Amino acid sequence: VSQHFIQLLLHSTPLVSYLSMIKSTLLLPLLLTGAAAFAPMPPASSSVARCQSAATKMNAAELEVVADEGAAADPFDSYEATTAQKEIATKDTSIGSGYAVGDDDSQLLQIQFQAKFVEGKFTANIKEFDIPSMVFKTGEQRCLPGLEAGLKGMQLGGTRKIRVPPNRGYGDNWYRGVVPPNSHLEFDVTLLKIAEGPVEEFGMKLEQFGYERAIGATVCFAYLALSPMLEQKGLLPFN
């Protein structure tokens with residue numbers, strides 16, 4: 001009886017219509033959600049690439065900011081001719097080679113230099129500081145302290161600009177009526193020679209003194225030393 005009742009229900013037209021409506025109602029959401037579920041996904045590689053590109057840009061920006069914050073200003077370019085400036089500043093315009101100033105404690109140097117004021121309307125070189133040759137030994141205080149300190153590290157044949165504040169220069173006094181008190185000076189220096197031994201040191205001193213003067217002085221000293229002996233032997237006329 002139950003089977004016969006079920007068959008009658010299945011072949012009943014209203015019931016069939018009702019079940020068809022329910023099936024359509026249930027299938028429509030499934031189809032819609034299934035379409036979204038089976039839609040093509042973007043390739044994983046492109047998403048990763050975009051993420052990596054964004055991360056790279058962020059890292060580059062961070063590094064750039066850190067570099068800007070950590071970059072120190074060049075001491076020479078940031079030199080200010082004020083009372084607060086207490087340290088010298090140097091800038092190499094040409095690098096030399098070989099033996100360097102400071103390799104030994106005491107060295108005989110030959111330099112050529114010009115000087116001018118760092119600040120003010122006087123921008124031309126100071127004539128009194130246009131020195132073609134100056135020979136001195138380091139550590140003997142025969143050179144301006146700031147200038148000598150600025151030479152350290154220079155190699156033979158090199159050129160360098162050295163800015164010297166008053167406390168390492170001529171201080172608060174006039175110098176030869178040319179350099180006013182509290183002046184900041186800039187020296188343009190060329191390192192001509194460095195004596196690397198006693199023989200070279202003697203040669204540099206002799207050259208600085210002058211060969212003709214050296215010969216004349218040698219003859220005079222020799223005459224003064226030998227004249228008493230020559231007089232005793234009658235080789236020199238008596239006055």
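**Close-ups of the sheet, its rings and its loops**

**View 1. Glu 186 and its bridge partners.** Lys 116 has Glu 186 in strand 7 as its bridge partner. Arg 163 also stands opposite Glu 186. Helices (H or I, at least four residues) and strands (E, at least two) are DSSP runs numbered from the N terminus, and two strands count as paired if DSSP finds at least two bridges between them. Strand 3 and strand 7 run antiparallel over nine bridges, while six bridges join strand 6 (residues 159-164) to strand 7, again antiparallel. Arg 160 faces Val 189 in strand 7. A word on the source: this is a predicted model, where local features need pLDDT of at least 70, side-chain atom pairs count only at pLDDT 80 or more, and totals for chains, interfaces and linings use all residues. Residues are numbered from 1 along each chain as its sequence is written, and side-chain values use heavy atoms, with hydrogens and water left out.

View 2. Five strands make an open, antiparallel sheet in the order 1-6-7-3-4. Strand 1 (89-94) and strand 4 are at the edges with a single partner strand each, so one side of each has no neighbour in the sheet. From one strand to the next, the twist averages 30°; axes are lines fitted to C-alpha atoms, for helices over the stretch in contact, and angles run from 0 to 180 degrees between N-to-C directions. Helix 5 (residues 198-209) lies across strand 3, strand 4 and strand 7, at about 50° to strand 3. Contact here means heavy atoms within 4.5 Å. For orientation, the protein has six helices and seven strands, and from the N terminus its elements run α-α-α-β-β-β-β-α-β-β-β-α-α.

View 3. Arg 163 is found in strand 6. With a relative accessibility of 16%, Arg 163 counts as buried; buried means under 20% relative accessible area, exposed over 50%, and partly exposed in between (1.4 Å probe, protein chains only). Arg 163 lies over the face of Phe 76, 4.1 Å from the ring centre. To count as sitting over a ring, NZ of Lys or CZ of Arg must be within 6 Å of the ring centre and within 35 degrees of the ring normal. The side chain of Arg 163 also makes a polar contact with the side chain of Glu 186, at 2.8 Å. That term covers a pair of N or O atoms within 3.5 Å; within protein, one must be able to donate a hydrogen and the other to accept it, and residues adjacent in sequence count only if both atoms are side-chain atoms. Leaving aside residues up to four places away in sequence, the residues that Arg 163 touches include Tyr 79, Ile 88, Val 118 and Leu 185.

**View 4. A cluster of five rings.** Phe 113, Phe 129, Tyr 170, Tyr 175 and Phe 187 form one aromatic cluster. In total, the structure holds five aromatic pairs. Phe 129 and Phe 187 make an edge-to-face pair, 6.4 Å centre to centre with 65° between the planes. Phe 129 sits in the loop between strand 3 (108-117) and strand 4 (131-137) and Phe 187 in strand 7 (residues 185-194), so this pair ties together parts 58 residues apart in sequence. Phe 129 is buried at 6% relative accessible area, and Phe 187 is buried too, at 1%. The rings of Tyr 170 and Tyr 175 are stacked, because their centres are 4.0 Å apart and their planes at 20°. Tyr 175 is partly exposed at 23%. Rings of Phe, Tyr and Trp (its six-membered ring) pair if their centres lie within 6.5 Å; planes under 30 degrees apart count as stacked, over 60 as edge-to-face and the rest as tilted.

**View 5. Two loop residues with positive phi.** Most residues other than glycine have a negative phi. Gln 141 has a positive phi of about 55° without being a glycine. Gln 141 is in the loop between strand 4 and helix 4 (145-151), exposed at 76% relative accessible area. Arg 176, likewise not a glycine, has a positive phi near 55°. The loop between strand 6 and strand 7 holds Arg 176, which is exposed at 69%.
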